[in-house]
Amino acid sequence: ESKTLPVIILIGDSNVGKTCVVHRFKTGQYNEKQQNTIGVDFTVRSMDIDGKRVKIQVWDTAGQERFRTITQSYYRSAHGAILAYDLTRKSTFESIPHWIHEIEKYGAANLVMMLIGNKSDSLDKRQVLFEDACTLAEKHGLLAVLETSAKEAQNIEEVFTLMAKELIARNTLQLHGENPPNSFSLDSRPVIASPSVEKTQCSC
Amino acid sequence: MVVQAKKRELKEAQKRKKQLEERCKLEDSIGNAVLTWNNEILPNWETMCCSRKVRELWWQGIPPSVRGKVWSLAIGNELNITHELYDICLARAKEKWRSLSTGGAEVECEDAGFSAADREASLELIKLDISRTFPSLCIFQQGGPYHDTLHSILGAYTCYRPDVGYVQGMSFIAAVLILNLDTADAFIAFSNLLNKPCQMAFFRVDHGLMLTYFAAFEVFFEENLPKLFAHFKKNNLTPDIYLIDWIFTLYSKSLPLDLACRVWDVFCRDGEEFLFRTALGILKLFEDILTKMDFIHIAQFLTKLPEDLPSEEFFTSIAAIQMQSRNKKWAQILAALQKDNREMEKGSPSLKR
């Protein structure tokens with residue numbers, strides 16, 4: 001009966017650029033003067049996936065530790081989670097296992113996770129190697145790792161496309177084609193071990 | 001043709017004259033209001049602050065030149081914070097920053113364990129957040145005139161209330177106060193404001209109590225806007241989705257700053273219930289559009305309100321909200337819900353058995 005659209009939740013430490021990533025995805029623009037997020041911000045956008053229109057919800061969460069008890073209650077409704085770190089700040093990468101643990105604890109069982117290392121426009125300040133991110137992703141069975149730049153529009157569209165395709169492949173996502181509105185409900189089937197999309201984008 | 005041109009010219013001149021008159025009238029009324037506040041109300045604050053005349057003038061918006069003074073008086077200083085205490089807290093914060101930057105913090109914090117690491121993170125976070133506070137104003141950013149002031153107040157607060165620490169959203173509240181008050185007075189107002197029950201519940205993220213506030217809000221939501229309330233219920237749109245940001249930042253992030261200050265004016269007069277009344281005012285203002293939206297579009301709309309809110313319509317809409325439900329006022333409803341909660345907590349072990 002539920003008519004909810006698929007939900008992708010963005011999590012990660014404060015100031016890694018989650019809101020800038022969503023803003024770029026939604027408007028195609030970069031907002032240098034982004035204010036910090038309190039609680040959760042909501043965005044909806046249509047995408048073209050293999051010639052079909054898919055509408056997705058993006059829930060952008062506050063990064064501060066103190067807000068976790070609030071944001072946790074939103075994990076349950078998410079179908080996909082994008083875990084974000086800032087590749088110029090190692091501590092934000094070191095928190096990723098903790099964020100994964102949170103998702104595993106409070107999220108749905110078949111939730112799709114992927115990792116993004118934002119601020120790839122500042123490679124001269126890099127503190128996190130892409131190889132290390134790949135190792136971590138492999139260890140936890142994440143869908144993919146991508147390095148992104150909201151500032152320079154690198155890999156932003158790709159992140160959401162990859163996630164949407166995976167959700168479709170797992171058949172938890174019904175397409176908005178000629179006959180909307182469609183109903184969308186959480187799939188309770190067990191997840192097939194190997195994801196249908198390549199594990200990581202380790203192209204470096 | 002000449003006649004027509006002349007006619008047009010005359011019309012334009014009349015329009016200009018009318019605009020000028022209106023501006024003069026507005027300036028006059030602001031000027032008068034400033035005089036009234038300065039000469040009549042402020043010197044006799046205790047006796048006059050609750051009079052009907054003052055309350056009405058208050059609703060119109062406090063003139064910016066006296067705003068800080070009125071806010072300070074209305075918020076009060078229950079905590080008895082002095083300028084000296086602010087200096088002491090600030091000195092301690094500076095000490096911590098120094099030891100953090102030289103790496104000496106580890107030795108000092110060894111026995112404090114986890115909470116020390118937490119505090120370190122919160123000092124680090126303040127630094128990151130300052131530049132993200134009203135970025136478009138360009139005054140709190142690195143190199144801006146109020147950057148250090150904002151840093152000082154937030155740092156001093158984490159030393160004054162280590163049990164609360166720094167929580168995102170606070171930077172916006174401190175910033176609004178800095179725009180209207182001197183540093184030490186802004187700190188006093190800031191600490192006292194955060195000490196109010198509603199603010200404490202939210203900034204300490206007391207989930208149970210926050211839910212009680214949301215429940216009380218829903219009582220008045222249903223009472224005032226039954227159709228929209230039903231629509232929200234049907235779409236699973238719970239109040240936390242939009243209220244968290246609004247309450248944490250006291251609307252300073254979600255409303256244009258001049259409107260937010262006017263909300264603060266009346267919040268200082270009426271207390272926490274006005275925050276929830278404002279929320280209902282916003283929902284009422286956009287009731288027609290919201291009724292046609294689904295979950296995600298409502299959530300998107302409310303977490304990013306239109307930038308060009310019409311201020312008069314906005315306040316008319318708030319004024320139309322009744323904060324009375326079956327003869328019960330906000331405080332009574334809230335207290336009753338709190339009592340229910342406590343009883344349920346007490347009763348639950350036996351129920352389980």
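Predicted model: local features only at pLDDT ≥ 70, side-chain atom pairs only at ≥ 80, totals over all residues.

Me: Which residue is the bridge partner of Val7(A) in strand 3 of chain A?

Reply: Gln57(A) is the partner of Val7(A) there.

Me: What is the strand order of the open sheet in chain A?

Reply: The order is 2-3-1-4-5-6, six strands with mixed pairing. Strand 2 (40-49) and strand 6 (145-147) of chain A are the edges. Each has a single partner strand, so one side of each lacks a neighbour in the sheet. On average, neighbouring strands are turned by 25° against each other, direction ignored.

Me: Which strands does helix 4 of chain A touch?

Reply: Helix 4 (residues 96-106) of chain A packs on the sheet and touches strand 1, strand 4 (80-86) and strand 5 (112-118). Its direction makes about 165° with that of strand 4 of chain A.

Me: New topic. Is strand 5 of chain A mostly covered or uncovered?

Reply: Mostly covered: seven of its seven residues are buried. On one side sit Val112(A), Met114(A), Ile116(A) and Asn118(A), and on the other Met113(A), Leu115(A) and Gly117(A).

Me: How many bridges join strand 5 of chain A to strand 4 of chain A?

Reply: Seven, and the two strands run parallel. Asp86(A) has Asn118(A) as its bridge partner in strand 5 of chain A.

Me: And what about strand 6 of chain A?

Reply: Strand 6 of chain A pairs with strand 5 of chain A in the parallel sense, over three bridges. Glu147(A) in strand 6 stands opposite Gly117(A). With helix 5 (residues 130-139) of chain A, strands 5 and 6 make a right-handed β-α-β unit.

Notes
Residues numbered from 1 in each chain as written. Chains lettered and ligands numbered in written order. Heavy atoms only, no water. Pairing = 2+ DSSP bridges. Helix = DSSP H or I, 4+ residues; strand = E, 2+ residues; numbered from the N terminus. Axes fitted to C-alpha atoms, helices over the stretch in contact; angles between N-to-C directions. Contact = heavy atoms within 4.5 Å. Buried < 20%, exposed > 50% of the residue type's maximum accessible area, 1.4 Å probe, protein only. Right-handed = clockwise from strand over helix to strand, strands pointing away.
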